[in-house]
Amino acid sequence: ATTLGASAAATGRYFGTAVAANKLSDSTYVGILDREFNAVTPENEMKIDATEPQQNQFTFTNADRIVNHAIAQGMKVRGHTLAWHSQQPGWMQSMEGAALRSAMLNHVTRVATNYRGKVFTWDVVNEAFADSGGGRRDSNLQRTGNDWIEAAFRAARTADPGAKLCYNDYNIDNWTWAKTQAVYTMVRDFKTRGVPIDCVGLQSHFNSGSPYPGNYRTTLENFAALGVDVQITELDIEGSGQTQAATYANVVKDCLAVARCNGITVWGIRDSDSWRASGTPLLFDGSGNKKAAYTATLDAL
Ligand code: XIL
């Protein structure tokens, strides 16, 4: 096929991108989005600060702009993210303990219920593990009790029973890293005890500090062997030219080699859309032209 989405669909997968609502009036941006992608993740618009800016006052206007565009175009929507230590509204940042636990669960329930049937996969919990040492990240949510993650998953399942529920994180790509092992151990425990989890999202922001690892396929295989899907959820790769292109191709080949790797999302369309302040980590240049990384990705799909 001649586009990323259609090529991915040929093997039953999706190829998505992060989308910012305020760019939906940019015709170059929307032209590429509608031509190439068959899934979207709102880049910020479904986060806690965006959807519940005041406690119990929910706002879905900007998220809806993306969801409505996706539905009109026949694209899937990944919901990102229901529970996270970051991008919390001020009221939540200052909460702790039982009050925070119930506010978090209320948030999960209300947002997942609002989009029930429209979101095919939720990032229920994002980035709950520490960068080193193999433990949990300290946060106000973690301090409510170690079971906050499974509580969030159970609330999401009740609110939106038809959606796939993911745990999403970065630096869980290299199988030998303690953080990867820690997330693997949690997912295995959840599957053993019947906690409702369906997938693991690997953000896969690759750069010099956390490069694409040669054992990436092993990591995908090992998570999948636990009985969950794996999704590459926020892919971007530092670099340029043929080196960058070859790494994109390797990521795609690794996903295609694993039956339960059912989709890839890049974290933005053009280099100028990237959350990375500098650099050229995406598939299209600032003018919207296809880069070598695009061609390598399409060829590998
Ligand atoms: C980033 C967005 O791209 C930025 O626009 C925002 O300022 C900060 O968040 N991991 C995640 C994403 O799960 O939500 C983050 O997105 C990038 C890292």
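Guide: Ala 130 sits in the loop between strand 4 and helix 7 (148-159). The structure is a predicted model, in which local features need pLDDT of at least 70 and side-chain atom pairs count only at pLDDT 80 or more, while totals for chains, interfaces and linings use all residues. Residues are numbered from 1 along each chain as its sequence is written, and side-chain values use heavy atoms, with hydrogens and water left out.

Visitor: What makes a stretch a strand or a helix here?

Guide: Both are DSSP runs numbered from the N terminus: a helix is H or I over at least four residues, and a strand is E over at least two. Strand 4, for instance, covers residues 121-126, and Thr 121 lies in it.

Visitor: Why is Ala 130 called buried?

Guide: Buried means under 20% relative accessible area, exposed means over 50%, and partly exposed is in between, with a 1.4 Å probe and protein chains only. Ala 130 has a relative accessible area of 18%, so it counts as buried.

Visitor: What makes a pair of atoms a polar contact?

Guide: The pair must be N or O atoms within 3.5 Å; within protein, one must be able to donate a hydrogen and the other to accept it, and residues adjacent in sequence count only if both atoms are side-chain atoms. The side chains of Thr 121 and Gln 231 make such a contact at 3.4 Å. Thr 121 is also buried, because its relative accessibility is 0%.

Visitor: Which residue has its C-alpha 8.3 Å from that of Gln 231?

Guide: Arg 260, which is 29 residues from Gln 231 in sequence. Arg 260 lies in the loop between helix 10 (241-256) and strand 9 (261-266).

Visitor: What is the phi of Asn 56?

Guide: It is positive, about 65 degrees, although Asn 56 is not a glycine. Asn 56 lies in the loop between helix 3 (48-51) and helix 4 (61-72). Its relative accessible area is 44%, so Asn 56 counts as partly exposed.

Visitor: What is the phi of Asn 171, and where is this residue?

Guide: Phi of Asn 171 is near 55 degrees, again positive in a residue other than glycine. Asn 171 is in the loop between strand 5 (164-169) and helix 8 (178-193). Its relative accessible area is 18%, so Asn 171 is buried.

Visitor: Which residues are closest to the ligand?

Guide: Glu 43, Lys 47, His 80, Glu 234 and Trp 267 are the closest of the 13 residues that surround it. A residue is near a molecule if one of its heavy atoms lies within 4 Å of it. By class, the shell has three nonpolar, six polar and four charged residues. Ala, Val, Leu, Ile, Met, Phe, Trp, Tyr, Cys and Pro count as nonpolar, Asp, Glu, Lys and Arg as charged, and the others, Gly among them, as polar. The peptide bond from His 80 to Thr 81 is cis, with omega near 0 degrees, and Thr 81 is in strand 3 (residues 76-84).
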